[in-house]
Amino acid sequence: MPVKDQQKPPPKAKAPIEDHKRHADEVLADEAYKVKPATLNTGNDEAKP
Amino acid sequence: MVYRPPFIRQGDGSRCQWSNCNCAAHAMAAMRHRLGVDPKNVHGWPPKPAEIRNRVSPTHCGGSDLEENHNAVLHLYGVDLLVRYNIPMATFRSLIISGRGAVVPIWYGVIPAKYDASPGFTGGHGIYVNERRASDGAYLVYDPLADHRRASIPQGPQWWPASLLQKAAETFPGTRAGCVHASFTRDTEV
């Protein structure tokens, strides 16, 4: 898990919206979350009609 | 109030319809991203799963992933989603609360009957999440299969408990426990 998330826990659900936006911006800028896992499923499967 | 895109079903009779969950989910995300506003380019509007599918794989069907669909909606509608992997669920919550919608890959085998829009289907699936309800923490989920084509099948967006969304997302193969992969729209609540 990226260090940044361990150091800065996400705000509580009832925190001011600005806290959520700040946390969201930090996470979105973090390169660690841009790395596609090698084991990731290639996509969806065919559903049943 | 958060903008709610119209529900777009994948079972629309078009090519690859039963494999078009991610295409339909991205069509709804594109609507949210643009707040329903037509980019007025050479492509169609509103977004259609078939148009996205034709961009993703014009000659064959089968599964499609977040990156493929992101590239398609960027080309077709100028919608630049943010694809992120293994986001902790608590952080995903912040991203939704702060004004973004998201396409999320899930594993359909864990979906209970109340929300099951494809009985017997237990594979990988794509849904669109529009918002979170503060009173109970539930998420408004647009399952592209929830078209009420039979009486037992849910119709349109449904409020899923947060615990169900987390279970379905983290069960998707290649996902860390407590995490979610997602393509996020822009923050439309600025």
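Modeller: Helices (H or I, at least four residues) and strands (E, at least two) are DSSP runs, numbered from the N terminus. This is a predicted model, in which local features need pLDDT of at least 70, side-chain atom pairs count only at pLDDT 80 or more, and totals for chains, interfaces and linings use all residues. Residues are numbered from 1 along each chain as its sequence is written, while chains are lettered from A and ligands numbered from 1 in the order in which they are written.

Biologist: How many helices and strands does chain A have?

Modeller: Chain A has 2 helices and 0 strands. Of its 49 residues, 22% are buried. A residue is buried if 20 or more other C-beta atoms lie within 10 Å of its own, exposed if 12 or fewer, and partly exposed in between, with C-beta atoms placed from the backbone.

Biologist: And the sheet in chain B, what is the strand order?

Modeller: The order is 1-6-2-3-4-5, in an open sheet of 6 strands with antiparallel pairing. Two strands pair if DSSP finds at least two bridges between them.

Biologist: Which strands stand at the edges?

Modeller: Strand 1 (82-88) and strand 5 (158-160) of chain B do, and each has a single partner strand, so one side of each is left without a neighbour in the sheet. From one strand to the next, the twist averages 40°. Angles run from 0 to 180 degrees between N-to-C directions, and axes are lines fitted to C-alpha atoms, for helices over the stretch in contact.

Biologist: What packs on the sheet?

Modeller: Helix 1 (residues 21-33) of chain B does, touching strand 2, strand 3, strand 4 (139-142) and strand 6 (179-184) of chain B. Its direction makes about 20° with that of strand 3 of chain B. Two residues are in contact if their C-beta atoms, placed from the backbone, lie within 7 Å.

Biologist: At what angle do helix 1 and helix 3 of chain B pack?

Modeller: Helix 1 and helix 3 (residues 66-77) of chain B pack at about 45°, with their axes 10 Å apart. The two helices of chain B are therefore oblique to each other; angles under 35 degrees count as roughly parallel, over 145 as roughly antiparallel, 65 to 115 as roughly perpendicular and the rest as oblique.

Biologist: Which residues meet there?

Modeller: N22(B), C23(B), H26(B) and A30(B) in helix 1 meet N69(B), V73(B) and Y77(B) in helix 3 of chain B. They divide into 4 nonpolar, 3 polar and no charged. Ala, Val, Leu, Ile, Met, Phe, Trp, Tyr, Cys and Pro count as nonpolar, Asp, Glu, Lys and Arg as charged, and the others, Gly among them, as polar.

Biologist: Why is helix 4 of chain B largely enclosed?

Modeller: In helix 4 (residues 89-97) of chain B, 7 of the 9 residues are buried, so the helix is largely enclosed by the rest of the structure. F92(B) and R93(B) are among them.

Biologist: New topic. How many residues does each chain put into the contact?

Modeller: Chain B gives 36 residues and chain A gives 27 residues. On chain B, helix 1, strand 1, helix 4 and strand 3 each supply at least two residues of the side that touches chain A.

Biologist: Which peptide bond is cis?

Modeller: The bond from W45(B) to P46(B) is cis, with omega near 0°. P46(B) is in the loop between helix 1 and helix 2 (49-56) of chain B.

Biologist: And L35(B), buried or exposed?

Modeller: L35(B) counts as exposed, because it has 11 C-beta neighbours inside 10 Å. Its phi is positive, about 50°, although L35(B) is not a glycine.
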